[in-house]
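Welcome! Have the sequence and the 3D view at hand as you read.

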Amino acid sequence: MKKVIFITGASTGIGRETAVYFSKKGWNVAATMRSPEKGKDLLQHPNIAIFAVDVLDSSSIKKAIDAVLIKFGNIDVLFNNAGYGLVGAFEAMTQEQIKKQFDTNIFGVMNVTRSILPYFRSKNSGVIINTSSMGGIITFPLYSVYHATKWALEGFAESLQYELRPFNIKVKNIEPGAIKTEFETAIEFVSISAYDRYTKPVHQTMLDTYKTAPGPQVVAKKVWQAASDGSYRLRYPVGGQGPLLLFMRWLLPLSWFMAMVRSQVEKRI
Ligand SMILES: NC(=O)c1ccc[n+]([C@@H]2O[C@H](COP(=O)([O-])OP(=O)(O)OC[C@H]3O[C@@H](n4cnc5c(N)ncnc54)[C@H](OP(=O)(O)O)[C@@H]3O)[C@@H](O)[C@H]2O)c1
């Protein structure tokens, strides 16, 4: 029987590229997205099917899992990928914006994961792969709430893998650096005038990193590695300067690392 991957946020970027990559590898792909019409072109691949999932809507998650099991007969890998960035001055963010960021990037992941676990347990196997970020381990200015969601995702996955190991279920986090996708245009940027002198040039400097960033193919390949290496490895850094920055964070005292970040991202101030 062909292997099956269930992907959230497959309409664009990393999720979409991963769908194509796995289909080329001969897997069946359940490409889920909020607006299925956005993924029409994916249907040219014979082993990709599209299902409607908004990770904020529990009933859509359950419906899609049932529909995928009917269509493909099994699910081997869950790829929790949907997410976006709320960026800017924390003081300017509303409770509603912060809640939506957490609902999407962390509670959405928990919801999909909790929905699939009974199935994975019943067959005593499964791989759960989350798109975390290098921003789940290190931080940059203006991404405080985004980082909070990805740091939460790192803690969630690192703890969860213990209790799922007896059921032969693996938990893995992909940690991309900057990747050229729709992420940049989907960023919700907020500021207020008191912060503009800081937020505007720093935000622009952060956005500049996307100009030379690799495309989502590098991440798709890493997801493939995580899905098929059979290991219990937890973290997979990938893309651009991400792995180097994570290494430097591990190597340097925090105060040195933070000085380095400041020297790079505050250079226009
Ligand atoms: N690009 C980077 O530099 C980078 C670096 C590290 C980590 N990441 C992470 O990578 C993941 C994928 O992002 P990307 O770079 O591929 O950006 P992207 O091209 O903007 O893709 C984000 C995907 O998430 C979907 N999404 C957003 N909210 C959703 C919801 N409530 N329910 C279902 N799907 C939802 C979007 O769907 P719609 O099309 O409907 O909006 C889209 O398919 C995110 O978790 C992001 O945090 C990205």
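Is E154 buried or exposed? E154 is buried, with a relative accessible area of 4%. Please keep in mind that this is a predicted model. The points below go through the ligand and its surroundings, the salt bridges, the surface and a few spots along the chain.

**The ligand and its shell**

- The ligand has 28 residues around it, and the ones that come nearest are S11, R34, K38, Y146 and T181.
- By type, the shell around the ligand holds 11 nonpolar, 12 polar and 5 charged residues.
- Two helices to look for here are α1 (13-24) and α4 (144-164), each of which supplies at least two residues of that shell.
- The side chain of K38 places a polar atom 2.6 Å from an oxygen atom of the ligand.
- R34 also contributes through its side chain, where an N or O atom is 2.7 Å from an oxygen atom of the ligand.
- With N81 it is the backbone that takes part: one of its N or O atoms lies 2.9 Å from an oxygen atom of the ligand.
- On its own the ligand has 890 Å² of accessible area, and the protein covers 94% of it.

**Salt bridges**

- The count of salt bridges in the model comes to 10.
- One of them joins the side chains of R235 and E154, with 2.6 Å from N to O.
- R235 belongs to strand β9 (residues 235-238) and E154 to helix α4, so this pair ties together parts that are 81 residues apart in sequence.
- Another salt bridge brings together the side chains of D229 and K172, at 3.0 Å from N to O.
- D229 is in the loop between α7 (217-228) and β9, while K172 is in strand β7 (residues 169-176), so the pair ties together parts 57 residues apart in sequence.
- K172 counts as buried, at 0% relative accessibility, whereas D229 is partly exposed, with a relative accessible area of 33%.
- D208 and K211 form a salt bridge too, and their closest N and O atoms are 3.1 Å apart.
- K211 counts as exposed, because its relative accessibility is 59% and the cut-off for exposed is over 50%.

- L244, F247, W250 and L251 make a nonpolar surface patch of about 500 Å².
- One of these residues, L251, is found in helix α8 (residues 242-251).
- L251 counts as exposed, with a relative accessibility of 51%.

- Most residues other than glycine have a negative phi.
- N124 is not a glycine, yet it has a positive phi of about 55°.
- You can find N124 in the loop between α3 (95-123) and β6 (126-131), where it counts as partly exposed at 40% relative accessibility.
- N168 is not a glycine either, and its phi is positive at about 65°.
- N168 lies in the loop between α4 and β7, and it counts as partly exposed at 31% relative accessibility.

**Distance in sequence and in space**

- A30 has its place in strand β2 (residues 28-33) and is buried, with a relative accessible area of 0%.
- How many residues apart in sequence are A30 and I50? A30 and I50 are 20 residues apart in sequence, and their C-alpha atoms are 5.9 Å apart in space.
- F72 has its place in helix α2 (residues 58-72) and is buried, with a relative accessible area of 12%.
- F72 and I106 are 34 residues apart in sequence, and from C-alpha to C-alpha they are 27 Å apart in space.

Technical notes. Residues are numbered from 1 along each chain as its sequence is written. This is a predicted model: local features need pLDDT of at least 70, side-chain atom pairs count only at pLDDT 80 or more; totals for chains, interfaces and linings use all residues. Side-chain values use heavy atoms; hydrogens and water are left out. A residue is near a molecule or strand if one of its heavy atoms lies within 4 Å of it. A polar contact is a pair of N or O atoms within 3.5 Å; within protein, one must be able to donate a hydrogen and the other to accept it, and residues adjacent in sequence count only if both atoms are side-chain atoms. Accessible areas come from the Shrake-Rupley method with a 1.4 Å probe; for residues, only the protein chains shown count as cover. Helices (H or I, at least four residues) and strands (E, at least two) are DSSP runs, numbered from the N terminus. Ala, Val, Leu, Ile, Met, Phe, Trp, Tyr, Cys and Pro count as nonpolar, Asp, Glu, Lys and Arg as charged, and the others, Gly among them, as polar. Patches are made of residues with over 30% relative accessible area and no salt bridge: like charges are joined within 9 Å, nonpolar side chains (Val, Leu, Ile, Met, Phe, Trp, Tyr) within 5 Å. A salt bridge is a side-chain nitrogen of Lys or Arg within 4 Å of a carboxyl oxygen of Asp or Glu. Buried means under 20% relative accessible area, exposed over 50%, partly exposed in between (1.4 Å probe, protein chains only).
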